[in-house]
Amino acid sequence: TVVVVGTDLATSRQAVTLAEAHSGVLAAVGQHPDAEEELDIDGLAALLSSDRVVAVGEIGLDGSQGKERIAAQQATFAAQLALARDHGLPSLIHCRDALGPVLDLLGSFGPSGPGGVLHAFAGSVEMAARLHHLGFALGVAGVVCRPRASRVRRMLSQVDLSWLVLETDAPYIGTETHPRGAVEPAHVAQVAEALASLRSEPLDRVAATTTATARRLLHLG
């Protein structure tokens with residue numbers, strides 16, 4: 001199963017079209033904080049009528065181009081979180097250089113908020129626990145494959161395995177052997193192997209546990 005994630009209205013529509021054409025594909029719809037157009041919340045809401053849509057995303061905050069941009073992104077992020085909550089869907093969260101504001105906004109929805117996945121999580125064990133309390137899993141991507149990513153790897157070795165889900169962010173987040181831009185969904189197996197080795201746990205247990213968490217969050221039964 002592959003979840004194709006939209007980053008604006010046009011790519012969200014493409015994700016739904018793909019999901020409706022292929023039985024192994026599901027869609028998420030949303031507007032990324034880097035998207036330049038104004039949010040069309042009604043357009044995104046219309047896509048939720050498809051039973052192939054399993055999440056609202058990729059949404060969130062990005063302060064990598066300056067902290068002042070975060071304030072301008074807050075309303076768009078909040079509106080999409082409310083959309084997810086009102087439709088009973090999880091949210092897929094992008095967070096870059098904005099973990100504090102993201103946690104504050106998610107916290108304002110409380111434990112009854114949309115829940116979902118904090119994509120490519122790189123925060124502390126304490127922040128991971130706060131997210132877990134709010135119904136979020138932590139996305140583990142190709143960074144876990146890199147021995148030099150010591151801080152992230154230390155955190156991933158300490159949190160409960162049931163808090164984690166695997167992802168590739170294909171084609172973007174590189175692994176130790178596949179650079180950014182060359183990653184495919186199939187490389188999720190490499191992410192699983194690296195996480196299992198890091199935690200000294202059997203690969204089949206890591207695969208089964210993270211898959212079960214993903215299926216629960218996405219309401220896949």
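How many bridges join E3 to strand E4 (residues 91-96)? Five do, and the two strands run parallel. Helices (H or I, at least four residues) and strands (E, at least two) are DSSP runs, numbered from the N terminus, and two strands count as paired if DSSP finds at least two bridges between them. The model is a predicted one, in which local features need pLDDT of at least 70 and side-chain atom pairs count only at pLDDT 80 or more, while totals for chains, interfaces and linings use all residues. Residues are numbered from 1 along each chain as its sequence is written, and side-chain values use heavy atoms, with hydrogens and water left out.

Of its 10 residues, 10 are buried (under 20% relative accessible area, against over 50% for exposed and in between for partly exposed, with a 1.4 Å probe and protein chains only), so E3 is largely enclosed by the rest of the structure. E3 also pairs with E2 in the parallel sense, over three bridges, and here Ala-28 stands opposite Ala-55 of E3. Towards E4, Ile-59 has Ile-93 as its bridge partner. Within E3 lies Glu-58, which is joined to Gly-57 by a cis peptide bond with omega of about 20 degrees.

Ser-91 sits in strand E4 and is buried, with a relative accessible area of 0%. Leaving aside residues up to four places away in sequence, Ser-91 touches several others, among them Val-56, Ile-59, Leu-81 and Phe-136; contact here means heavy atoms within 4.5 Å.

Helix H1 (residues 9-21) has 13 residues and spans 19 Å from first C-alpha to last, close to the 18 Å expected at 1.5 Å a residue, the expected span being 1.5 Å times one less than the number of residues. Leu-9, Ser-12, Ala-15, Val-16 and Ala-19 of H1 are buried. Seen down the helix axis, the buried residues of H1 fall within an arc of 115 degrees (taken from the directions from the axis to the C-beta atoms), so they line one face. Gln-14, Thr-17 and Ala-21, on the other side of H1, are exposed. The cover over the buried residues of H1 includes strands E1 (2-5), E2 (25-29) and E3 (53-62), plus helix H2 (41-47).

Most residues other than glycine have a negative phi, and most peptide bonds are trans. Asp-97, however, has a positive phi near 55 degrees.
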